[in-house]
Amino acid sequence: MFDFGIVTNWIHEFLMRFMPAWLTTTVECVLVAVGLLVAYSLIAMFYIFYERKVCGWIQCRLGPMRVGKWGLLQVFADVIKILQKELITLWHTDKFLFKLAPYLVLIASMLTFACLPWGRGLQIVDMNIGVFFIVAVSSIGVLGILLAGWASNSKYTLIGAMRSGAQMISYELSCGISILTIVCLAGTMSVTGIVEAQADGWFIFKGHLPAVLAFIIYIIAANAENNRGPFDLPEAEHELTAGYHTEYSGIHFGFFYLAEYLNLFIVSGIAALLFLGGWMPLHISGWDGFNAVMDYIPSVVWFLGKAFFMTFIFMWIRWSFPRVRIDQMLALEWRYLMPIGLVNLVVMAIIVTKGWYFGA
Amino acid sequence: MAEIQDKITQLCPQAQIDTTGEFLLVTVADAQWHDLAKALKTQLHFDYLTAVVGMEWPDARGCVYYLTNTDTQEVIHVKVTAPDREQPMLHSVVDLWPVANFQEREVYDFFGIIFIGHPDMRRMFLRNDWVGYPLRKDYDPATNPLRLEDETGEDYTCRWVEDENGKVKKVDGKVFEDDEYVVNVGPQHPSTHGVMRYRASLDGEVVKKIDVVSGYIHRGIEKMCEDLTYPQMLLYTERMDYMAAHINRHCMCLCIEKALGLEVPRRAELIRLMMDELMRLSSHLLSYGCLTMDQGATTAFFYGFRDRELIYDIFDRTCGARMSMSYSTIGGVVADVHEDFIKDVRHACDVIEKNLKEYHKLFTGNVIAVNRMTGVGILNKQDAIDYAITGPSGRASGVHCDVRKTHPYSLYNEFDFDEVIYQNGDSMDRYMVRMKEMEQCIKILRQACDKLEAEGIQGEYIAPKVPKVMKLPAGHWYQQVEASRGAFGVYIESDGNTKPVRVHFQSPCFNLIGVVDLTCRDNLIADLITITASLDFVIPDIDR
Amino acid sequence: MEVKIKSMKHEDFKDNEYIDNLVEQLRAGGTNIIVGKLDQLMNWGVSNSLWPLCFGTSCCAIEFMCLGAARYDMARYGFEVARNSPRQADYIMCQGTINYRMAPALKRLYEQMAEPKYVIACGSCTVSGGPFKNSYCVVKGVDEIIPVDVYLPGCPPRPEAFFYALMQLQRKIKVQKYFGGVNRKEKLSDLKYDGKALAEQSK
């Protein structure tokens, strides 16, 4: 399988030839940032299009059709439109916090986005606490949402923000515990390390029962952390008009919108990374021919394919289920998901120490 | 009937009793009214206040009360006149029939009749700063130009109380206290199903009290009807509850035909009945869609709408319009049905019957939906009767209130169908009643298809002798039908001219908003949306 | 001057003199090529991404729901992202009668929307008061309180008519000048019932 490390190393050496080390690092940082921003916006736009099409398909509709072929340019039109919408600032609000909030949400999702390993050697920094870093920075988002709700100085946004605060902080726990279960199995927190550990079998197969359980808990918790249906209470359209971003217009609203879809990609990516082997191809022991063919598919395609597949499952859930109520949502987390997750973690620890997992 | 008559004479010797009309008419003065009302409710079991019609006669102002006995389904009406014409006051009956709360506020709004003992004497539909009372004959529209400033004094309310000496005095009050956290829902809000507005006092996410503010689509239909001839009036019936357009229009036609003594051909009546049931089907599909959408299951909404298109197609082919069909007319229907009508109806029945199973699979059994609806917003049987809740919402509480069964009209007694009754009165039951009623609609439609085929696919559709100029004999007429959301009634008072003196529409949704506060109190704000969606009201029907 | 709307011939739109005159007026002076192209890009974006505000008062709202539902599916045009918050919406489609109690709320909703914003008066009630013109509390056409871009008659209009109205709006957007020109021709004070004008009168 092609290692993108070769390309990046070549660029690094090329730059080092006529630049001092500090300048090289700076140039590389800028290059990475530009690449990241481009990838970020493209992925977000693709996701908006993807969701519209999937939702149309589920609802017996066509989705965008007329702007560009199959509606491919629809999202570009939306972006142009939203860029030139008026930005409304309100009276009697804390203007600084009001304007800061969308950027916080955006920064949180971008930081998390930067940690994902896209393919073999295609990662920005491989930290030894990579997973921990992902969990940490993804929590900044809730701050942005709370600020947005508070700074808008409106009752709807405040209720929306409070709901989302309660929701995201609660479900962060379950999310963290299910991630911890996998870290336990992998024996490393490094993102690359986790992926490499799945070379002989994806964790969802390797860790059998506890891994599957952790996967289910992760899907529920990630859905909730993402504020997507059936946990879309913070922006529950039918109760709170638009929840915490009711008062935002133009590109500020656009940031929330983009971050929402990018978060969807991130949680799908993390699910793919932790449970479905990241960019590792599907290998079935004994089927050498099949495995060889699988190896030909580039790692980026594997990663994106898995992430998009997970996203499809998230969308399927969203468009099928009704919304839960706030007390039911909290009960689900604190009474069921978290205790089950904790027990599951203990079970996993025992399995790992005893070596009862496949490929041990 | 004679028994009731004797009893009333015993109870209140001053009452005048008139047996010539369709129902027994009792006329009393305000002084005796409250005692008589109490006796009627407790002794004669007239526990169901069907309608309160504010009236202005040349010599007096007052009200006509329609009362029903829920055991025997007997109806009487009582005419009460206020002693003073210029400053009319009546005794309130809110303490006996809670439904009178909003009904009396409406009368106050339109006629300026003050109800003594009413707990909340505010305007119902018009702005707080409205001048005068629009349904009085001497009202001048120029006194109320369009105002674009916001309304003030929304928290102000007042009561009129009578002391032992019979002196009436005004007591000011407040709707919400100053320290309450009041959230405004509506009038522009995605799940108020139009322009309803609630002001909800919250404690955290728990609703403490709801004040329903109505009138954001009040169009004064009753007043406009007074300037129109009878055939012209039919237009407005379709624009109140647009999801029961055929049924409302049918009701008006029946009422006028009853007054004129006009015989409608059986085939025309059959077509009207089929249209009514199609309308009901379409309306319940919409309410399924809206209920699911309000709970966040967007896909279910699209499924409901997909199947409604089939019904729209039938309307489109026969009536020439998808909504506001203007199809029934006095004496029959305006045109014969399309030649494929029966085929289309059968097809729609088959498709919808099949898809109903899919709806149940998608939504009814879903654990989230079950948890959100079961036991939420319970309306018990007694409250349902007290608040005069009819239609699917009433039947979910176990009240036998289907007008098609209690006072059969049109050809309904020829059809074999069940009245769907559930007992718990929670949101789930209200939802299930509608789902089951759709099956009954399909059953009726299939029978009707057979009957219509027997009558001939094309044939007589309007009475041969419909008078060109319609003059209703002097007097008053009342007709009730079962609309999609409950009993819809039309009251017409005529003085023998081509135009009516007073038209009143008794709309089912108007009573439904009366229980919003009762059912939502102490529930979460998310439940407010579920409950109101399961009550399923159409706002223009409330406001008229 | 032709304004291109996908799969709709120019002749089919020729019934609207108002827009034709507007195009002539705007194009009279000619435009800088760069600014002109940018204008076109902007207008292409705006016209293809019109997000409605959910604002239905009566019957027309049901037909609007049909427009979003499976058979008519306005998502094909990218119009489906109905926003509940006026801040995020691009146009307000008044569906249903506006009465005296609702009028201040409608006006406020319009003012809460972010520029550029458009109004479609949908159904005869909002065009002129329709069947309720003689009522004591119905606004005789929303153009008395907010500036209207497209009038869509019908009671209620069919979904096909909705599409026609939306395409007319697209057409109107495509001729506007984003740079230098003014998007909106009517001033709020020109309206019959503007809050400020009324206040001055009463002084």
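Read along its sequence, chain C follows the pattern α-α-β-α-β-α-β-α-β-α-α, which comes to 7 helices and 4 strands. Helices (H or I, at least four residues) and strands (E, at least two) are DSSP runs, numbered from the N terminus. The model is predicted, so local features need pLDDT of at least 70 and side-chain atom pairs count only at pLDDT 80 or more, while totals for chains, interfaces and linings use all residues. Residues are numbered from 1 along each chain as its sequence is written, and chains are lettered from A and ligands numbered from 1 in the order in which they are written.

Of the 203 residues in chain C, 52% are buried. A residue counts as buried if 20 or more other C-beta atoms lie within 10 Å of its own, as exposed if 12 or fewer do, and as partly exposed in between, with C-beta atoms placed from the backbone. Among contacts in chain C with a separation of 6 or more, 78% are between residues 24 or more positions apart. Two residues are in contact if their C-beta atoms, placed from the backbone, lie within 7 Å.

Chain B has 18 helices and 17 strands. For its 544 residues a compact globule would have a radius of gyration near 24 Å, and the 23 Å of chain B agrees with this. The radius is taken over C-alpha atoms, and the globule rule is 2.2 Å times the number of residues to the power 0.38. Along the principal axes, the C-alpha atoms of chain B fill a box of roughly 70 × 60 × 50 Å. Buried residues make up 54% of the 544 in chain B, and residues 24 or more positions apart account for 65% of its contacts with a separation of 6 or more.

One part of chain B to look at is an open sheet of 5 strands, in the order β1-β2-β5-β4-β3 and with mixed pairing. Strands pair if DSSP finds at least two bridges between them. At the edges stand β1 (16-18) and β3 (48-56) of chain B, each of which pairs on one side only. From one strand to the next, the twist averages 20°. Helix α2 (residues 30-42) of chain B packs on this sheet, where it touches β2 (24-29), β4 and β5 of chain B, and its direction makes about 135° with that of β2(B). Such angles run from 0 to 180 degrees between N-to-C directions, and axes are lines fitted to C-alpha atoms, for helices over the stretch in contact. Within the sheet, β4 (residues 61-68) and β5 (residues 75-81) of chain B are antiparallel and share 7 bridges, with Gly62(B) opposite Thr81(B) in β5(B).

Further along chain B, strand β16 (residues 486-494) has 9 of its 9 residues buried. Strand β15 (residues 475-483) of chain B runs antiparallel to β16(B) and is joined to it by 9 bridges, and a hairpin links the two through 2 residues. Gly475(B) has Ser494(B) in β16(B) as its bridge partner. Strand β17 (residues 502-506) of chain B also pairs with β16(B), in the antiparallel sense over 5 bridges; here Val490(B) is partnered by Phe505(B) in β17(B).

Helix packing can be followed in two chains. In chain B, the axes of α6 (residues 245-260) and α7 (residues 266-294) come within 7 Å and cross at roughly 140°, which makes α6(B) oblique to α7(B). Ala245(B), His246(B), Ile247(B) and His250(B) of α6(B) meet Arg272(B), Met275(B), Asp276(B) and Met279(B) of α7(B). In chain A, α4 (residues 95-114) and α5 (residues 130-138) pack at about 170° with their axes 8 Å apart, and they are therefore roughly antiparallel. Angles under 35 degrees count as roughly parallel, over 145 as roughly antiparallel, 65 to 115 as roughly perpendicular and the rest as oblique. Here Ala108(A), Leu111(A) and Thr112(A) in α4(A) meet Ile134(A), Val137(A) and Ser138(A) in α5(A).

Finally, the chains touch one another. Chain A places 21 residues in contact with 24 residues of chain B. Between chains C and B, the contact takes 41 residues from chain C and 35 from chain B, and α3(C) gives the largest share of the chain C side, 6 residues.
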